[in-house]
Every structure is written in structure tokens, then in C-alpha cells.
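Q: Could we go through this structure together, starting with the ligand site and then moving to a pocket?

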Amino acid sequence: MRMYDILEKKADGGTLNKEEMEYFVRKLCADELPDYQAAALIMAIYTRGMSDTEAAQFTDVMAKSGDQVDLSGIRGIKVDKHSTGGIGDKTTLILGPLAAACGGTVAKMSGRGLGFTGGTIDKLESIPGFRTALSEEEFVRLVNENGFALTGQTANVAPADKKIYAMRDVTATVSSVPLIASSIMSKKLASGADKFLLDVKVGSGALMKTAEEAKRLARLMTAIGRENGRETEAVLTNMDRPLGKAVGNLLEVQEAVEVLKGEGPADLRELCLYLVSRMLVLGGLGTEEDCRKRAEKALADGSALAVFERFVICQGGDLDVIYRPEKAYRTPVCREIRAEKSGWFTVVSAEDIGKASVRLGAGRLAKEDAIDYTAGIYFRADVEEPVEKGEVLCRIYGADESRFDEAEMILSRALRVTEEEPEKKPLIEFIKL
Ligand code: URA
């Protein structure tokens with residue numbers, strides 16, 4: 001086999017077969033392929049696209065390029081929920097314990113923040129002592145004991161994806177739907193869950209800015225899961241505005257706890273109840289209606305919160321810090337952003353809210369940057385509702401006040417008070433495939 005022939009085939013619009021993909025991935029991972037040939041194939045995929053079956057096979061080959069987690073020692077159907085990333089998305093912290101409290105099994109592998117979107121591992125590391133690098137044995141044991149455990153991706157999950165992603169980043173091919181879908185799903189397949197629920201975010205704070213693009217991605221990821229023998233469902237959810245009121249690591253953990261106590265913002269609670277019901281249905285635990293009732297009860301009677309608290313303690317976290325952050329952190333500096341006039345509180349760019357929180361220290365600008373776990377933004381006013389002149393719209397927090405002016409300037413691009421009532425988009429759209 002020759003790389004030249006593979007390139008010629010794809011550049012001419014042909015469909016690659018599995019042997020050709022295996023050849024490419026093997027050579028790529030062994031560093032036996034010149035960068036120009038790898039980049040040329042990626043560009044050919046970008047321009048020519050991939051059929052569903054071709055993308056499914058490519059994903060499988062990438063998933064098998066590194067470690068594959070063996071979850072066979074865990075009882076029950078393991079259902080994984082994956083979000084394509086957004087602002088203030090702390091649903092994993094709620095769904096894992098909530099599903100477990102309802103009889104589900106969640107063995108979750110999560111990542112760190114990427115660009116302007118947060119990552120579950122960073123959020124959990126805001127709890128001092130919390131261990132996010134579990135051995136496979138401990139991970140399996142904790143899921144069996146508590147119904148839920150969470151670990152970081154090992155360095156060797158889908159190494160082919162790492163190389164391809166790095167190359168996409170510098171060849172203007174990041175936005176290709178087959179490349180995004182195969183990248184995400186390769187890591188999912190390698191993580192060993194039986195079934196997947198995909199929360200595909202759409203809007204100004206998401207990877208996919210329009211419903212059309214998001215549907216294309218959702219459809220292809222679902223097909224990839226199915227063709228690889230894993231039942232997969234997708235939901236489109238609104239990311240034109242942050243989810244909940246808190247953006248920033250410790251702030252988001254605290255807000256997740258509020259929801260687990262049966263309180264918290266209505267949009268976050270509603271999305272979690274919807275997603276957990278679908279997870280439980282996928283896990284064979286009843287109808288959506290029954291599962292939702294069970295989940296509402298688990299939030300009301302404290303059983304979901306009890307699973308969360310056991311989860312934090314079992315993974316070494318100091319639970320008390322969530323309730324009394326001053327035990328571990330200096331109280332952050334706070335600045336209030338107020339409405340300059342009366343009107344409707346509107347978010348024009350959720351992405352800029354994410355960027356402002358990164359600027360405050362909640363995320364990284366460079367890979368080696370340290371995170372300020374207390375940094376972030378907390379919305380006081382309800383988005384898409386009326387506000388009065390002088391009312392506090394949000395508070396910004398962080399240890400380093402010198403970052404506040406820039407964060408406030410970014411936020412001023414993101415937030416508006418408008419005379420016209422903004423269009424309210426639905427929070428959830430279930431995709432039937
Ligand atoms: N997340 C991924 O893992 N890969 C992509 O290509 C985009 C988002």
C-alpha cells in the first residue's frame with residue numbers, strides 16, 4: 001500500500017476502505033508519515049467529506065490506536081452522556097450522581113477546559129484533594145460501589161486523534177463535521193461505555209453556531225455510534241446563553257450542589273432532568289415519564305446529593321470546601337456589573353462570556369497556565385427577562401484584580417440591555433433518527 005494512492009483516491013472524491021485507514025493511522029502514530037502527506041489527507045477529507053460508514057470506520061480505527069478502557073467488570077448498562085462543550089455547562093456533576101441515585105450506572109471519563117469552554121476535570125479539581133487520575137481497577141470498584149465515578153482521560157486514549165487534531169488546528173480544517181464527529185466519538189468508543197447520550201450544544205457559545213450545523217454533527221455522531229454497535233441518541237440544546245447562573249470552576253461545583261439539593265436555576269435543573277431521564281431510558285430502567293419522576297424524587301429526597309457527597313469523599317476531595325470555600329481559598333475580589341438602563345437583559349455572545357471567565361483566571365490561555373479556581377462570573381439578573389437601570393447584572397470574581405478591566409470589557413461586548421424583548425429559543429430539541 002502507498003500513501004500516495006490513498007491521497008489520490010480521497011482527493012478524487014473516493015471512499016477510503018478500512019485497510020487504507022488502518023495504514024494511515026498506523027504510519028501516523030509511528031511517526032513514519034511526512035507531515036505534508038498527513039495534512040494532505042486531512043484536507044482531502046475536509047473538502048470531500050466522508051460517508052457515514054467511512055466516518056464510522058475511521059472512528060473505530062482511531063479509537064483502537066491507543067488504550068481502550070475495559071468496563072466489563074462493572075455491573076449494569078453503562079450509559080455515558082457527552083456534551084460538545086459550552087459556557088456554564090456543569091451537567092455532568094449533576095447527572096452522574098442523579099442517574100446513580102435512580103439505579104443507573106455511570107463510568108465517566110472527562111476532559112479539561114478547551115478554549116473558552118470549561119472542562120469537568122478542572123471543575124472537580126477546584127475541590128482540594130480530589131483525585132481525577134484513577135487506576136482502571138479503582139475506577140471500576142468505585143462505580144460498582146457508588147453507581148458513579150469519574151476519571152480523566154489517560155494520555156494514550158485515541159493518540160491518532162491527538163495527532164490529527166493538532167494538524168487540523170494549523171491547516172484550517174477544524175470545522176469539518178466528519179473530522180469533529182470522528183474525533184469526539186473515537187474517545188467515546190475508547191472509554192468503554194455501552195451507550196451514549198450526546199448533548200450537542202448550539203448557539204453563540206458552542207462549537208456549532210447554527211441548528212443546521214449542529215443537526216449534521218448530531219446525525220453523524222449518532223450514526224458512528226450505531227455503526228460501531230453502541231446505541232446512541234442526540235439532543236440539541238441551547239448555548240446562546242450560559243447554562244445556569246455560574247461560570248467558573250468552584251462556582252459551578254457550588255451551583256451543581258444547589259441543583260442536587262432540589263434548588264438551583266430552572267434551566268439547569270430542567271436540562272438535567274431531561275438528560276437524566278433519557279440516560280435512564282437508555283439504561284433500560286423504564287419509560288421517560290417514570291424515569292423523570294424518579295429523578296425528581298431523587299433531587300427532592302436528598303438521595304442524589306448523598307451519591308455526590310460519597311463520590312467526592314471516595315475520590316479524596318474535601319467536601320467541606322464546597323460549602324465553606326474560605327477553608328481553602330482567599331475570598332476572591334468581586335466587582336459588580338450593573339445595568340446602564342432599564343430594558344431586557346440579553347446575551348449577544350455566550351462565547352465572550354466564556355472568554356471573560358478565562359481572562360479572570362477560570363481557564364487557560366496557554367497549556368501550562370494555572371487556574372484560579374475561585375475566578376468566574378455569577379449572573380444575578382435572569383437572562384432574557386426585564387431589568388431596571390442600576391440593577392446588578394452579574395458579579396465577576398477572581399484573585400487577580402488586575403484582570404478585571406479586560407474581563408469587564410469583554411463582557412461589555414457579550415451583554416446588552418435592549419428595548420426589544422429578545423427572541424426566546426427553546427432549551428432542548430430531541431433529535432429522532
Ligand atoms: N472536541 C473534540 O474532541 N474534537 C473536535 O474535533 C472538536 C471538539
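Q: How far from an oxygen atom of the ligand does a polar side-chain atom of Arg168 lie?
A: This is a predicted model, in which local features need pLDDT of at least 70 and side-chain atom pairs count only at pLDDT 80 or more, whereas totals for chains, interfaces and linings use all residues. Residues are numbered from 1 along each chain as its sequence is written, and side-chain values use heavy atoms, with hydrogens and water left out. The distance for Arg168 is 2.9 Å, where a polar contact is a pair of N or O atoms within 3.5 Å.

Q: And what about Lys187 and the ligand?
A: A polar side-chain atom of Lys187 lies 2.4 Å from an oxygen atom of the ligand. On its own the ligand exposes 240 Å², and the protein buries 87% of that, with accessible areas from the Shrake-Rupley method and a 1.4 Å probe.

Q: Which helix gives the largest share of the shell around the ligand?
A: That is H9, with 4 residues; helix H8 (159-169) and helix H9 (177-190) each supply at least two, helices being DSSP runs (H or I) of at least four residues.

Q: Switching topic, what is the volume of the second largest pocket?
A: It is about 290 Å³, a volume being the space filled by probe spheres set on the grid points. A pocket here is an open set of points on a 1 Å grid where a 1.4 Å probe fits, with protein on both sides within 12 Å along at least five of seven lines.

Notes. A polar contact is a pair of N or O atoms within 3.5 Å; within protein, one must be able to donate a hydrogen and the other to accept it, and residues adjacent in sequence count only if both atoms are side-chain atoms. On a 1 Å grid over the protein atoms alone, a cavity is a set of points where a 1.4 Å probe fits but cannot get out, and a pocket is an open set with protein on both sides within 12 Å along at least five of seven lines; lining residues have an atom within 4 Å of a point.
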